[in-house]
Amino acid sequence: MTCRLLIDYEAMEFLAQLKKRDQRLIHSRLRQIQDYPSNWADFTERDPGGRALHVTICGDFAITFWEDFADRHVKVLEIARADR
């Protein structure tokens, strides 16, 4: 099931500052998430409203997203360095 991928502007700015190698790695993971979102949730957190936010670890980075089933969207809320 391919969904429409929507990415927060600040996440895009963070991505643009990375080395090309890291950008390619994250772009690849974003495509995987777009095609099969639930397969790429390493763990789930809850936002203040109780919505499930999925987090996938990709190399040294964490990508936080949620699936909007009604609209068939995957919304990427954050791309950041993973806590290690």
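Biologist: Where is the place of leucine 77?

Modeller: Leucine 77 sits in strand 5, and strand 5 covers residues 73-81. Strands here are DSSP runs of E with at least two residues, while helices are runs of H or I with at least four, all numbered from the N terminus. One thing before we go on: this is a predicted model, where local features need pLDDT of at least 70, side-chain atom pairs count only at pLDDT 80 or more, and totals for chains, interfaces and linings use all residues. Residues are numbered from 1 along each chain as its sequence is written, and side-chain values use heavy atoms, leaving out hydrogens and water.

Biologist: Why is leucine 77 called partly exposed?

Modeller: Its relative accessible area is 37%. Buried means under 20%, exposed means over 50%, and partly exposed is in between, with a 1.4 Å probe and protein chains only. The 37% of leucine 77 falls in between, so "partly exposed" is the label. As for its surroundings, leucine 77 and tryptophan 66 are 11 residues apart in sequence, with 7.8 Å from C-alpha to C-alpha.

Biologist: What makes phenylalanine 14 and phenylalanine 61 an aromatic pair?

Modeller: Their ring centres are 6.1 Å apart. Rings of Phe, Tyr and Trp (its six-membered ring) pair if the centres lie within 6.5 Å, so these two qualify. The count by this rule comes to one aromatic pair.

Biologist: And why is that pair called edge-to-face?

Modeller: Look at the angle: the planes are 70° apart. Under 30 degrees is stacked, over 60 is edge-to-face and the rest is tilted, so 70° gives edge-to-face. Phenylalanine 14 belongs to helix 1 (residues 9-16) and phenylalanine 61 to strand 4 (residues 61-68), so the pair ties together parts that are 47 residues apart in sequence.

Biologist: How do you know which of the labels, buried or partly exposed, goes with phenylalanine 61?

Modeller: Phenylalanine 61 has 1% relative accessibility, so it counts as buried. Phenylalanine 14, with 23%, is partly exposed.

Biologist: What makes lysine 75 and aspartate 68 a salt bridge?

Modeller: Their closest N and O atoms are 3.0 Å apart. A salt bridge is a side-chain nitrogen of Lys or Arg within 4 Å of a carboxyl oxygen of Asp or Glu, so this pair passes. Both lysine 75 and aspartate 68 are buried.

Biologist: How many salt bridges are there by this rule?

Modeller: Three. In another of them, arginine 51 meets aspartate 47, with closest N and O atoms 3.6 Å apart. Arginine 51 is partly exposed at 37%, whereas aspartate 47 is buried at 18%. Then there is aspartate 22 with arginine 21, at 3.5 Å. Aspartate 22 is buried at 12%, but arginine 21 is exposed at 54%.

Biologist: What makes the surface patch with Glu13 and Glu45 negative?

Modeller: Its members are Asp8, Glu10, Glu13, Glu45 and Glu78. Asp and Glu count as negative and Lys and Arg as positive, with His and the chain ends not counted, so the patch is negative. Patch residues have over 30% relative accessible area and no salt bridge; like charges are joined within 9 Å, and nonpolar side chains (Val, Leu, Ile, Met, Phe, Trp, Tyr) within 5 Å.

Biologist: How do you know that glutamate 45 counts as partly exposed?

Modeller: Glutamate 45 has 38% relative accessibility, so partly exposed is the label. It is found in strand 2 (residues 43-46). Glutamate 13 is also partly exposed, at 37%, and lies in helix 1.

Biologist: What is the phi of arginine 72?

Modeller: It is near 55°, a positive value in a residue other than glycine. Arginine 72 is in the loop between strand 4 and strand 5, and with 45% relative accessible area it is partly exposed.

Notes: Accessible areas come from the Shrake-Rupley method with a 1.4 Å probe; for residues, only the protein chains shown count as cover. The place of a charge is taken as NZ of Lys, CZ of Arg, CG of Asp or CD of Glu.
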